[in-house]
Amino acid sequence: MKTIYDFNFHNKKALIRVDFNVPLNESFHVTDETRIEAAKPTIDKILADGGSAILMSHLGRPKGVQSQFSLKHIVGKVSEILGVPVQFSSDCIGEEAENAASNLKPGEVLLLENLRFHTQEEAGDIEFSKKLATIGDIYVNDAFGTAHRAHASTTIIAQFFPEHKCFGALLAKEIESLNKVFRNSEKPVTAVLGGSKVSSKITVIENILDKVDHLIIGGGMTFTFVKALGGKIGNSLCEDDKMELALEILSLAKEKNVQIHLPVDVIAANAFSNGAETQIIDINNIPDGWQGLDAGPKSLESIEKVILASKTILWNGPLGVFEMSNFANGTIQLGNFIAEATQNGAFSLVGGGDSVAAVKQFGLEDKMSYVSTGGGAMLEMLEGRVLPGIAAILD
């Protein structure tokens, strides 16, 4: 696996695919800088070698050229985070981009305009890829969030750099962290899968059963399992058409000696609302008109024991509706258990949009071994798929 640390960028122009798809407010100010900060180590290394950096990214889902999706809005923030003035080209291909790139001196940074202003980017167009490729000496992919897309700048472009392509520090860390869970893990290995639907996690569950010792199931998808096992779930979320599948998963886990942990009690509410009336109730006996919205105290007690005895932990998905403060306790406590296990020497990987949002919201991010930056990409890797953006560098 070639990374930026296998190259010396002295007098080289690094063409870097970053993921600067950051949220902007109405005044076009960046409201979450995480993705820009995540790319900094890669850019710093290239500049320290005496190279220059040409950054390419998408922003949003523009239909053609739309000024609200222009990367010019983030130039100031990128300059501030990198600590160097960032130049900007109002197109990513063509004369302006080529001139700006050829005039770039060692230690300088150029940001290209939104790749998705050209439909050829998402179409994976080879001619468009070739035009992008002409302005750099070494291609660096550091955008994990888009590595599952076979787009021009993430995948197709790599073929124009047969000997001069590599992973950036961030993307390399993502791959290493997933390998640490799946290939070089210290046992016991525990996966916590939460979220609302079994259907969105089926392939993940099937893929990880060979690699884990414990599987903790939480969140809304719990109730499909509980109902399939004959429990009464009231008005809780349930995918009736997936109940047979839930039973198959339980039997497959048994076959593979994986211990499945389902909640035993829940915080139930008489409406899907933060102000609803609540009660702690046995998960198999939720009355009609009530729905489970968070893990109960007995469930958390048993989860704590499993987590603290684990050496490798993967967390994907919350245990309850953490966006409502009255149903956030389960997810917060789970985060605290994983933080404690990590402090005691376990390796913890958090991935998937909602769990990442939760660890950030509750100030737990720095207490985990690694927090993944790519929701969809992470999910596809957990499903055992080879991501095109990664395969293109390894070829």
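This is a predicted model: local features need pLDDT of at least 70, side-chain atom pairs count only at pLDDT 80 or more; totals for chains, interfaces and linings use all residues.
## Ground rules

Residues are numbered from 1 along each chain as its sequence is written. Local features need pLDDT of at least 70, side-chain atom pairs count only at pLDDT 80 or more, and totals for chains, interfaces and linings use all residues, while side-chain values use heavy atoms, with hydrogens and water left out.

## Helix α9

Let's start with α9, which covers residues 243-255. Helices here are DSSP runs of H or I with at least four residues, strands are runs of E with at least two, and both are numbered from the N terminus. At 1.5 Å a residue (times one less than the number of residues), the 13 residues of α9 should span 18 Å, and the end C-alpha atoms are 19 Å apart, which agrees.

Which residues of α9 are buried? They are Leu 245, Ala 246, Ile 249, Leu 250 and Ala 253; buried means under 20% relative accessible area, exposed over 50%, and partly exposed in between, with a 1.4 Å probe and protein chains only. Just after α9, Asn 257 has a positive phi of about 60 degrees.

## The sheet

Now for an open sheet of three strands, in the order β12-β11-β14, with antiparallel pairing. Two strands pair if DSSP finds at least two bridges between them. The edge strands, β12 (278-282) and β14 (291-295), each pair on one side only.

Strand β11 (residues 265-269) pairs with β12 over five bridges. Ala 269 has Thr 278 of β12 as its bridge partner.
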